[in-house]
Amino acid sequence: MSETYITRPLDENGRVVIPMEIRRTLKIQPNDLLEISAKNGVITMVKHTPGCLFCGETEDTVYFQGKTVCHKCLTALREAF
Ligand SMILES: [Zn+2]
């Protein structure tokens with residue numbers, strides 16, 4: 001996906017509407033959870049995926065740098081590198 005720049009106003013309650021085009025492209029549905037973080041003046045929103053980034057496993061996971069990874073995939077990554 002190419003970068004998209006759209007300007008939207010922030011309302012008095014701190015809300016902003018994510019443009020339909022971006023929601024559609026990223027398959028963001030009403031009530032999906034978004035992870036919001038800020039670093040160096042940049043706000044980032046990522047669709048929350050509760051399971052392992054690689055296999056989708058939801059148990060025995062760790063959260064690292066904004067991503068969930070299960071111990072099985074973590075072990076496989078260590079062995080691969
Ligand atoms: Zn995994």
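**Terms and their grounds**

Author: This is a predicted model. Strand S3 (residues 61-64) and strand S4 (residues 67-70) run antiparallel and are joined by four bridges.

Reader: What makes S3 and S4 a pair of strands?

Author: Pairing requires at least two bridges between the strands. S3 and S4 have four, so they count as paired. In one of these pairings, Thr61 has Cys70 in S4 as its bridge partner. Two residues lie between the strands of this hairpin, and Gln65 has a positive phi near 45 degrees.

Reader: Why is Cys70 called buried?

Author: A residue is buried if 20 or more other C-beta atoms lie within 10 Å of its own. Cys70 has 20 such neighbours, so Cys70 counts as buried. Buried residues make up 4% of the 81 residues in the chain.

Reader: Which residues does Cys70 contact, beyond its neighbours within four places in sequence?

Author: Those residues are Cys52, Cys55, Glu57, Asp60 and Thr61. Val42 is 28 residues from Cys70 along the chain, and their C-alpha atoms are separated by 28 Å.

Reader: How is the whole chain built, in helices and strands?

Author: The chain has two helices and four strands, in the order α-β-β-β-β-α.

Reader: What separates the centres of domain 1 and domain 2?

Author: Domain 1 covers 1-47 and domain 2 covers 49-81. Their centres, taken over C-alpha atoms, are 25 Å apart.

Methods:
Residues numbered from 1 in each chain as written. Predicted model: local features only at pLDDT ≥ 70, side-chain atom pairs only at ≥ 80, totals over all residues. Domains from an automatic or database assignment. Buried ≥ 20, exposed ≤ 12 C-beta atoms within 10 Å, placed from the backbone. Contact = placed C-beta atoms within 7 Å.
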